[in-house]
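Dear colleague,

I am passing on the structure we spoke about, and below it I have set out what was found in it. Please look through it first and then read on.

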Amino acid sequence: MPAIDNILKQLNEKFSADIIGTETPNERRLFVDIKPDRVRDISNEMIVLGGRYMVSIGTDFSDVDGTMQLIHTFAFDNDNLLTGIRMSVPADNPAFMSITPDIPSAGWSEREYMDLLGMKFTDHPKPKRLILADDWPEGVYPLRKEVPWNLMPPGAEDVAYQLDECPEGCTVVPVGPYHPALHEPAHFAVYVDGETIKGCDYRGFMTHRGIEKLCQTQMTYNEVPFIAERICGICGSVHATAYSQAVESAAGIPVPRRAEYIRTIMLEIERIHSHLLWLGVAGHLIGFDTVFMQAWRVREHIMWLGERMTGNRKTYGMIVIGGVRRDITPELRDDILQVVNKIEKELKVIHKSIIGDTAIHKRTKGVGRITKEDAIRWSLVGPVARARGVDIDNRRDHPYAAYNDVTFDVPVFTEGDVWATLLVRVLELYESFSIIRQLLEKMPDGELLTELDAPIEPYRHGISVVEAPRGESVHYVITGKENTPERWRVRAPTYPNLQGIPLMMLNNQLADVPIIIGSIDPCFSCTDRVEVVDLQSGNCRVASKEELETLSRNYRDGR
Amino acid sequence: MWLLSKIKQVLMVIKPGVVTLQYPFVPRPAPANFRGIPYWDHQKCVGCGGCAGHCPARTIMIRDICQELRVMVYDASRCTYCGRCADVCPEHAITMTEHYELATNDKNDITETIELFMATCQRCGRCYDHENRNQIDRLSRIGFRYDNLEMRAVIPAGTQQIDTEMLKKTESYKRPERVGE
């Protein structure tokens, strides 16, 4: 464990008076308990030693020992090591030093705990409300133990979020919450000088549902994977896997090798479908609907494959703690190979026909460009970071499931614009095909599930990272009593990437806003109704249920 | 370069042609492993409540009307079709069907209610062995469950969360009439 020894040696040399204790559950995890006074210096030291800031976890332990705990986590990508620095303060005055002035991507995590736990952060550059609704009453902190999980305070009419001050001579252009080019409820106030963007403020979290609170109070360990799967409509398996791995790592539950292989196959199938979806959406956002139609036509085959493998197009429901639920039979194995070969062939056709298209080049090259230094400073992850020359991929750096058994390339580009993110995603698709083939070839026989025979010990910490199609998902679990996690923190890849959006937009054109936001991968759902349009008069009306029913019945009967 | 790309794109579009399915005019059967609406076989169900204990969406509710009668209600309007109930059922009484066209304007179409006599075995007519080998005891599901069938709310057993107001509303429960009467 040279990396752990080195970090501990450096920390002990400089901060020996502030370190209370250390814990190394295995050679890939390190937890350091510190006194809260010098957290800023110690966090900076972690960055100097080669750490990459991931996320902070705040927990209310007021019913256990009367404290509130804050954990900052750092990944050491070159050493395959995940670390957390933990500190506790009395629950009646939870004040910490903010680390945001030095590590800007910690800004949202800290604002989150101002909202949810009532923590105070001194020197925070932007201590505004982030998560809670604007009419949520002051002084009610929903993640605290004394607040019931189903609390519904009455709404208020006359409150609104105060956007940042508009720069001198600029005009505000609101984008969202409902906007034709933005498929998710988030509000960007874009400050423009003419057509050029000079700044941006973000107000999001409009669909915050309190899943963490729900699962910490109402759900049992093995029910949470199914909730986790519904955090994201695109990368469901990623969240279920990350949560299960965090619990398994905290409780020391072994996972059968075959189950890990099946998990990996599901993750790669999900990556294929997600990247194809993104390719289509990106084409749609720049007004190139041919790509949209063709990418989604190809993607449909992977959805049908998912249906045959797991019983559902999406939200596969394959993963539970300790393993998976369904096996890959020899027939399914041939089916997967056939579909993968077919998609690879089709993708090559799409790839060749769009790669030289000047329309795409003009809309994406040089758009949303930021430097590698900024990408590292803002802790960007996934294809967004890899397009900016940051060579990180958790599948290679922190191998989980069966990724240490396969070989693959990590495409990295230095252009730093939207075009490079497009290339990264298309090239990753080819790697996914190769990974699935390797996995199917090497898959061992064996059990699918380790049955839990003893209760999971409370207050153990588990952290797991999974490379989602959009980047790195981090799940942190503190085990609890009564078959329920004490704390479950989810950090989706969009969380750090969205924080980098204002920087990506700076000095770009207003017309490029949709593709810049789209380049970090949005997900959307839409509903539509059937409308009947009278061609002669131009009137339109919505068909009733009875009409549609008779229409479809008659059609089916051939009448 | 530009023209070449456009020619390639035209070929890419023409080759597959129209791929749109004619659904719903042409039915599209679900594959064999599909997770559609679950089906309860009341002949096999022993009322252990394992499905209710594992349902992540809390769509399966149990109410013990009296010592002998246990009512189980499944309400698909909130179901996520994960299939955990079918996984954990010790008697294989639950199967995931391939029905997915479930849109309806009457909630009762997708609600299933089972009433079970609990003191005697449904299949052999003998009493349970309550002392040693009782599966229900092992599942820690002894005692009454007070789930609110009208409000579709699960009330966890063995806690202090039983709301007396809520309980009052469930007391007016009427047995559904028999089919055909």
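Of the 181 residues of chain B, 19% count as buried, where a residue is buried if 20 or more other C-beta atoms, placed from the backbone, lie within 10 Å of its own, exposed if 12 or fewer do, and partly exposed in between. Please keep in mind that this is a predicted model, in which local features need pLDDT of at least 70 and side-chain atom pairs count only at pLDDT 80 or more, while totals for chains, interfaces and linings use all residues. Residues are numbered from 1 along each chain as its sequence is written, and chains are lettered from A and ligands numbered from 1 in the order in which they are written.

To stay with chain B for a moment, its secondary structure comes to five helices and five strands, these being DSSP runs numbered from the N terminus, with helices (H or I) of at least four residues and strands (E) of at least two. Along the sequence they follow the pattern α-β-α-β-β-α-β-β-α-α. The peptide bond from Tyr23(B) to Pro24(B) is cis, with omega near 10°, and Pro24(B) sits in the loop between α1 (2-14) and β1 (38-40) of chain B. Tyr81(B), in the loop between β3 (69-75) and α3 (84-88) of chain B, has a positive phi near 55° although it is a residue other than glycine, and it is buried, with 20 other C-beta atoms within 10 Å.

Where the two chains meet, 23 residues of chain A are in contact with 22 residues of chain B. On the chain A side, α5 (224-228), α8 (289-310), α9 (330-355) and α18 (545-557) each supply at least two residues. That side has six nonpolar, nine polar and eight charged residues, where Ala, Val, Leu, Ile, Met, Phe, Trp, Tyr, Cys and Pro count as nonpolar, Asp, Glu, Lys and Arg as charged, and the others, Gly among them, as polar.

Chain A itself is divided into domain 1 (1-143), domain 2 (211-519) and domain 3 (529-559), with bounds that come from an automatic or database domain assignment. The centres of domain 1 and domain 2 of chain A, taken over C-alpha atoms, are 26 Å apart, and their contact takes 20 residues from domain 1 and 19 residues from domain 2. On the domain 1 side of this contact, the largest share, six residues, comes from β3(A), and the residues of that side divide into eleven nonpolar, six polar and three charged.

The axes of α6(A) and α7(A) (residues 257-285) come within 9 Å and cross at roughly 145°, axes being lines fitted to C-alpha atoms, for helices over the stretch in contact, with angles from 0 to 180 degrees between N-to-C directions. Their contact is made by Ser237(A), Val238(A) and Thr241(A) of α6(A) and by Arg263(A), Met266(A), Leu267(A) and Glu270(A) of α7(A).

Glu428(A) lies in helix α14 (residues 418-442) and is buried, with 23 other C-beta atoms within 10 Å; not counting residues up to four places away in sequence, Glu428(A) touches Arg271(A), His275(A) and Pro411(A). Ala401(A), in the loop between α13 (394-397) and α14 of chain A, has a positive phi of about 45° although it is not a glycine, and with 22 C-beta neighbours inside 10 Å Ala401(A) counts as buried.

With best wishes

Terms used: Contact = placed C-beta atoms within 7 Å.
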